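Hi,

Here is the structure I said I would pass on.

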Amino acid sequence: MELSSLTAVEIVQGIQSRVFTCKDVVKACLKTIYEKESSLHAMLFVADEGALKRADEIDAAAQAGQDLGPLMGVPVIVKDNICTKDMPTTCASRILENWTPPYDATVVKSLLNAGAVILGKANCDEFAMGGSTENSAFGPTMNPWDVSRVPGGSSGGSAAAVAAGYAPISLGSDTGGSIRQPASFCGIYGMKPTYGQVSRYGLVAFASSLDQIGPFARTAEDMKLALSVICGFDCHDSTSEKRPAPQFTFNDAPLAGKKIGILSRLVAGKLSADLQSCMDVQIEKCRQNGAEIVEVALPKALEYGLACYYILAPAEASSNLARYDGVRYGMAYKDAHSLLELYVKTRAAGFGPEVKRRILTGTYVLSSGFYDAYYLTAQKVRKVIKQEFASAFEQVDAILLPTSPTPAFKIGAMSSPLEMYMADVFTIPINLAGLPGISYNAGFNDEGLPLGMQLIGPRWSDAEILDMAAYLGKETEGRIAEGGIR
Amino acid sequence: MALEFTTVIGLEIHIQLNTKTKIFCNCSTDYIGATPNSHVCPVCTGQPGALPVLNKKVVEFGVRGGMALHCKINKLTRFDRKNYFYADLPKAYQITEYYVPIAEHGYLTITGDDGQPHRIGITRLHLEEDAGKLVHGAADGRIVGSVQSFVDYNRGGVPLAEVVSEPDIKSPREAKEYVSAMRQLVRYLGISDGDMEKGSMRVDANISQKVSDGRWGNRVEVKNMNSLKALERALEYETLRQRDLLTRGETIVQETRNWDDADGITTPSRSKEESNDYRYFPEPDLPPLLLDDEYIEHIRATMPELPDAKRERFQKEYGLSQEDILVLTETPETAAYYESVVKAGGNPVRSSNWVRTDVMRVLREQGKEIAEAPVAPEVLAKLIQLVDDKKISTTAAKDVFEKLVPGELTLEQAIQECGVQIGAVAGDKLNEIIKKIAADNGDVVEIIKSGQDKKDKKMKFLMGLVMKESRGQAKPDEVLKALNEFLSKN
């Protein structure tokens, strides 16, 4: 039995019934990491020593018959933009290189309280800005199904790590598709919960009104486990909703009698052939399982979502990233003779090109004289998009569409930022509307690349869409990516 | 023809609200004298990933302030980000209510230069966070010549209410009056200590001149005034400076100037005139704030009596002079002390005299607050009653009061210690005193005897001397009787 390929559910059972120890599991996972990391570069920090120490504690508790929680002994990998006080949190940026936060993010606390072992920090696009993990200041992550391809982004490291068997569960963050798209590229589940469902406290902000933490896992059961641990109200996050945490349960026939919305006309011509046929198969599968298929219209979401997002997200980012000034933490230009020089030299050297591009865009759209034309207009469009989704969800229980128009593309294939932005067209509107969305694996193309589909539900339907995705994704779930790793 | 000028002043006052914790985190606001950066956390130092959570008390204080200033309270308000770079601003943005302040369109009434009540319009009151403090490395603590600077974030995140006035203030004196009234108001409300010296109330002034020939001088912002006196002096200086320039046909540079208290002048601010674009936008980390009617009504119902209302009531209920009322209502504590004395049976007018003179003098001498007044209001009331009932004289009462000040004796003990029971000096003792006084004032005695003391003036004079000599322990009617007897016999 390969311990590193076990699911979280199996690990908890195995440790609690003392079939193996947490240390065995952690060692196996570390071994997998060491074997594959030179090919994948999914990690920015591996907490080998700390994880082994933590495993000892868990084993001692297991010996004593203690139950440390639903994730007892489960190795978890956390995206490097989520604060961990025992590990650096760099956001894959030079400007935060070697920075270790003075506190744990709420989700990290929740994981630890549930008995998890944090194995390390996953690579990502710098400050979560990107869709391929190529924007990491510390080098890209490769797709474990084909190392010549990207794992998606920005949570590419988290997705690749779980797909490659580094750990059964990882956390990512999703501002415009940053969990769902890499999940689809890596053939696993990845969910962006409803905005307000998971605390953002300790998630280094990119675009505060859009950011949401969510889990990756190879199986739906593990998704359920992870979500049940991280969802819930947090008094440290004013945008987290004071409502009971969702109850995640799986039904035998979650699609029966449900109305599933599709956007066949709107997505037509935007998809690669493999995804087009994948979508057709999935629609048919829904129908066969008792769902009624309804064509819905989200014209504004798909037409204006991207433009709206690329105004609002950079606007918020320009403000959120202003704090990296070399005064308190992170990189600081040492020979500055004035405050201005400190700012300019630190930020010029510390940020990568994509981050700078977005800061500039955001600064521009917020400047006086342009605010109304850009920011305010975008806010209005956002309202319209929300309304459009709300109307759609009066007709249907969920919407099914591909997560990304294509499977994982080659590293370096995207020639311009705009081309890269276009790849997010199906995921971005969901963030704008604050909805939950989940990507599940719906098969593989001829080249063996995973094909991901996305289910979107109304706000707070997280448990329902996971239930449906679990049913639709069951056939191909749980595989460890072995393709192309030398 | 000589030019005439009208001064136009608008003030912006930053008032530190005295909540126990900061506006967006649980750090203590009690930072004065604390070790630098000891009252900080991830939130108020702007650590990546940290998020603000609004302190409800700050909202309450804001609503109270707004109500006291007769403002419209905005039920739906929200915070915005004001973006700019500075080392004392940890997030590189200040969270403030830019687009929709919690309160707006109010007024504060002051006594104008003409002696009449004058309403100063309040444009807005909005809530925001304070910044940290920079400490520069030069020997004199100034930025000039220092090679390094330090930041202390203890003050960062302390709640502020910024109150912006309309340009309704017509003179430096009125500006002082306005700030003084504002300070009194926040103290009455208990939302700030309003201390300008400590920086818990910071005033920036916008001042310009309108000239009788139709010209308008540019507006100048004056900062760095750390007391009421400094505010008045700075504005007086600035008025003269601007009028002088305008008289000579020059233009006023629109700029920010700093008040130099030592030299008594304003100088152009060293910082470049900011053409800052603050790129305000709604703070996405804080949902809009919705105040329901019940909440607003609750606050309205629990508003303390404010200075104007109290003064009016004092006049109606106690019939005091305006001057008495102003002194007694200076702070809510003084007013409360006074009212306790009256409530315990002290005559309103005499209680006022006692509080204004004796009680306040002792407090001044001892450097104490009225809350620590050495003589409890009930005791003072009893003392006043004893005088009214002619049990002891006013002079004796003053002695008794002094005995009470150390706070060790009861009223009875103090009276005993002074030996000042009225009537203790009578009979032979009284006659002895009269004899002595008559001997010392032979000329007066002669006048009375000769019938020239038409209005009993001389008689009263003698009586006073006798009372004084008896240290108030003789009964006045007995003194009069004995004095008459003595004069008729001798």
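Predicted model: local features only at pLDDT ≥ 70, side-chain atom pairs only at ≥ 80, totals over all residues.

Chain A has 16 helices and 11 strands. Its radius of gyration comes out at 21 Å, close to the 23 Å that the globule rule gives for 486 residues, so chain A is as compact as a globular protein of that length. Along the principal axes, the C-alpha trace of chain A covers about 65 × 65 × 45 Å.

Chain B contains 15 helices and 16 strands. Here the radius of gyration is 30 Å, well over the 23 Å from the globule rule for 490 residues, so chain B is more spread out than a compact globule. The C-alpha trace of chain B spans about 95 × 60 × 50 Å along its principal axes.

How is chain B divided into domains? There are domain 1 (5-293), domain 2 (316-417) and domain 3 (427-489). The centres of domain 1 and domain 2 of chain B, taken over C-alpha atoms, are 39 Å apart.

**Where the chains touch**

On the chain B side, 26 residues are in contact with 33 residues of chain A. The chain B side of that contact splits into 16 nonpolar, 5 polar and 5 charged residues.

Now for the pairs of helices I looked at. As a reminder of the terms, a pair of packed helices is described by the angle and the distance between the two axes.

*α12(B) with α14(B).* Helix α12 (residues 427-440) of chain B and helix α14 (residues 457-469) of chain B have axes that come within 10 Å and cross at roughly 130°. The crossing is right-handed. From α12(B), Ile433(B), Ile434(B) and Ile437(B) meet Leu462(B), Leu465(B), Val466(B) and Glu469(B) of α14(B). Sorted by class, this contact has 6 nonpolar residues, no polar ones and 1 charged.

*α13(B) with α14(B).* The axes of helix α13 (residues 442-449) of chain B and α14(B) come within 9 Å, crossing at roughly 140°. So α13(B) is oblique to α14(B) as well. Which hand does the crossing of α13(B) and α14(B) have? That crossing is left-handed. On the α13(B) side the contact is made by Val444(B), Ile447(B) and Ile448(B), and on the α14(B) side by Lys458(B), Met459(B), Phe461(B) and Leu462(B).

*α12(B) with α15(B).* The axes of α12(B) and helix α15 (residues 476-489) of chain B come within 10 Å and cross at roughly 60°, which makes α12(B) oblique to α15(B). The crossing of α12(B) and α15(B) is right-handed. Leu430(B), Asn431(B), Ile434(B) and Ala438(B) in α12(B) face Glu478(B), Val479(B), Ala482(B), Leu483(B) and Phe486(B) in α15(B) as contact partners. By class there are 7 nonpolar residues, 1 polar and 1 charged in the contact of α12(B) with α15(B).

Cheers

How values were computed
Residues numbered from 1 in each chain as written. Chains lettered and ligands numbered in written order. Axes fitted to C-alpha atoms, helices over the stretch in contact; angles between N-to-C directions. Helix = DSSP H or I, 4+ residues; strand = E, 2+ residues; numbered from the N terminus. Left-handed = near helix turned anticlockwise from the far one by under 90°. Contact = placed C-beta atoms within 7 Å. Nonpolar A, V, L, I, M, F, W, Y, C, P; charged D, E, K, R; others polar. Domains from an automatic or database assignment. Rg over C-alpha atoms; globule rule 2.2 N^0.38 Å. Parallel < 35°, antiparallel > 145°, perpendicular 65-115°, else oblique.
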